[in-house]
Amino acid sequence: MRATSVIACAALTVAGLLTTTGTALAQPAADQATPTTTSGPCGYTATPEDPSPRPVSLPPDPQPTPNKGVVKVVLATNQGPMFLTLDRAKAPCTVQSFLHLAKSRFYDFTTCHRLTLYDTLKVLQCGDPSGTGERGPGYSYKDELPTGLPTWPGDTTGERKVYARGTLAMANAGPNTNGSQFFLVFADSRLRPNYTIFGTVDRLGLKALDKIAAAGVQPTAEDPAPVDGAPVRKTDILVARSLGH
């Protein structure tokens, strides 16, 4: 979405990496009008204070929102193909938005900006055409949060759940701030159930994710062995396309 995700690792703060906090951008006076919202049940809302780096319209918002069946999407990446299965029943508004962005070529030729290798959080985050983790599609929409996830082993509070290997979920900047950034889970991860799950990634996709993870995170002068940051094995989405819906 709008800002670098800082999801927390187990021992640190859990309000981080998969969150995206917005940086206010100065806009011409004409852009300060009341945000536009679609009239359907998903209520996609324009965010003129956080415009998209690429031109894209608000998604179609039919009444009712399609909420049955699955849709296959291919992410053709420079590290190998990733076939996604989107579940309309679990997150109909999220699937509707993701398919719209794919159809609009919003994800084409974009870079997955963040790899996280904490002991309890292992994900690759993508979906920002600027490659910074600070931008989104120029709109936001409501959460469709998961229920019934297993509790993380040893968590006596019951608050932290298992986002299983192969999970496809949305990054956000807090409640009801979904946009275009998403994350792919390549090993069971511990999170509060604050992130919309809308599908899964297939065996080939997981093979590619394992290869990306094995190469690690790019070192910096401040941290020669980081576990959170840009992947050493640069990962570009070349094409994102629905295989029919």
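**A conversation about the structure**

A: Let us begin with K234, which counts as partly exposed because its relative accessibility is 45%. Please keep in mind that this is a predicted model.

Q: Which residue forms a salt bridge with K234?
A: The partner is D236, and the closest N and O atoms are 2.8 Å apart. D236 is buried, since its relative accessible area is 17% and the limit for buried is under 20%.

Q: How many salt bridges does the structure hold?
A: There are five salt bridges. One of them joins the side chains of D108 and R241, at 2.8 Å from N to O. That pair links distant parts of the chain: D108 is in the loop between helix 1 and strand 4, R241 is in strand 14 (residues 236-242), and they are 133 residues apart.

Q: And is D108 buried or exposed?
A: D108 counts as buried, at 7% relative accessibility. R241 counts as partly exposed, at 24%.

Q: What about R192, which residue does it form a salt bridge with?
A: R192 pairs with E159, and their closest N and O atoms are 3.2 Å apart. R192 lies in the loop between strand 11 (189-191) and strand 12 (197-201), while E159 lies in the loop between strand 7 and strand 8, so the pair ties together parts that are 33 residues apart in sequence. R192 counts as partly exposed at 27% relative accessibility, and E159 counts as partly exposed at 39%.

Q: Let me step back. How many helices and strands does the protein chain have?
A: The protein chain has two helices and 14 strands. Of its 245 residues, 51% count as buried. Among contacts between residues at least 6 apart in sequence, 67% join residues at least 24 apart. The accessible surface of the chain comes to about 10,700 Å², and 56% of that belongs to carbon and sulfur atoms.

Q: Back to helix 1, then. How many of its residues are buried?
A: Eleven of the twelve residues of helix 1 are buried, so this helix is largely enclosed by the rest of the structure. Among the buried residues are P92, C93, H100 and A102.

Q: What span should helix 1 have?
A: Helix 1 covers residues 92-103, and at 1.5 Å a residue its twelve residues should span 16 Å. The end C-alpha atoms are 16 Å apart, which agrees.

Q: What follows helix 1?
A: Helix 1 is followed by R105, whose phi is positive, near 65°. R105 is a residue other than glycine, and its place is in the loop between helix 1 and strand 4 (110-111). At 55% relative accessibility, R105 counts as exposed.

Q: And F109, what is its phi?
A: Phi of F109 is near 55°, a positive value in a residue other than glycine. F109 is found in the loop between helix 1 and strand 4, and it counts as exposed at 63% relative accessibility.

Q: On to the rings. How many aromatic pairs are there?
A: The count comes to eleven aromatic pairs. In one of them, the rings of Y44 and Y141 have centres 5.4 Å apart and planes at 70°, so the pair is edge-to-face. Y44 lies in the segment before strand 1 (45-46) and Y141 in the loop between strand 7 (139-140) and strand 8 (161-163), so the pair ties together parts that are 97 residues apart in sequence. Y44 is buried at a relative accessible area of 0%, and Y141 is buried at 2%.

Q: What about the rings of F98 and Y107, how far apart are their centres?
A: Their centres are 5.0 Å apart and their planes are at 35°, so the pair is tilted. F98 is buried, with a relative accessible area of 2%, and Y107 counts as buried at 1%. Ring pairs also link F98, F106, Y107, F182 and F198 into a cluster.

Q: Last topics: which residues make the nonpolar surface patch, and where is the cis peptide bond?
A: F83, L204 and L243 make a nonpolar surface patch of about 250 Å². L204 is in helix 2 (residues 203-215) and counts as partly exposed at 34% relative accessibility. The cis peptide bond joins Q63 and P64, with omega about 0°, and P64 lies in the loop between strand 1 and strand 2 (70-77).

Key: Residues are numbered from 1 along each chain as its sequence is written. This is a predicted model: local features need pLDDT of at least 70, side-chain atom pairs count only at pLDDT 80 or more; totals for chains, interfaces and linings use all residues. Side-chain values use heavy atoms; hydrogens and water are left out. Rings of Phe, Tyr and Trp (its six-membered ring) pair if their centres lie within 6.5 Å; planes under 30 degrees apart count as stacked, over 60 as edge-to-face and the rest as tilted. Helices (H or I, at least four residues) and strands (E, at least two) are DSSP runs, numbered from the N terminus. Buried means under 20% relative accessible area, exposed over 50%, partly exposed in between (1.4 Å probe, protein chains only). The expected span of a helix is 1.5 Å times one less than its number of residues. Patches are made of residues with over 30% relative accessible area and no salt bridge: like charges are joined within 9 Å, nonpolar side chains (Val, Leu, Ile, Met, Phe, Trp, Tyr) within 5 Å. Accessible areas come from the Shrake-Rupley method with a 1.4 Å probe; for residues, only the protein chains shown count as cover. A salt bridge is a side-chain nitrogen of Lys or Arg within 4 Å of a carboxyl oxygen of Asp or Glu. Contact means heavy atoms within 4.5 Å.
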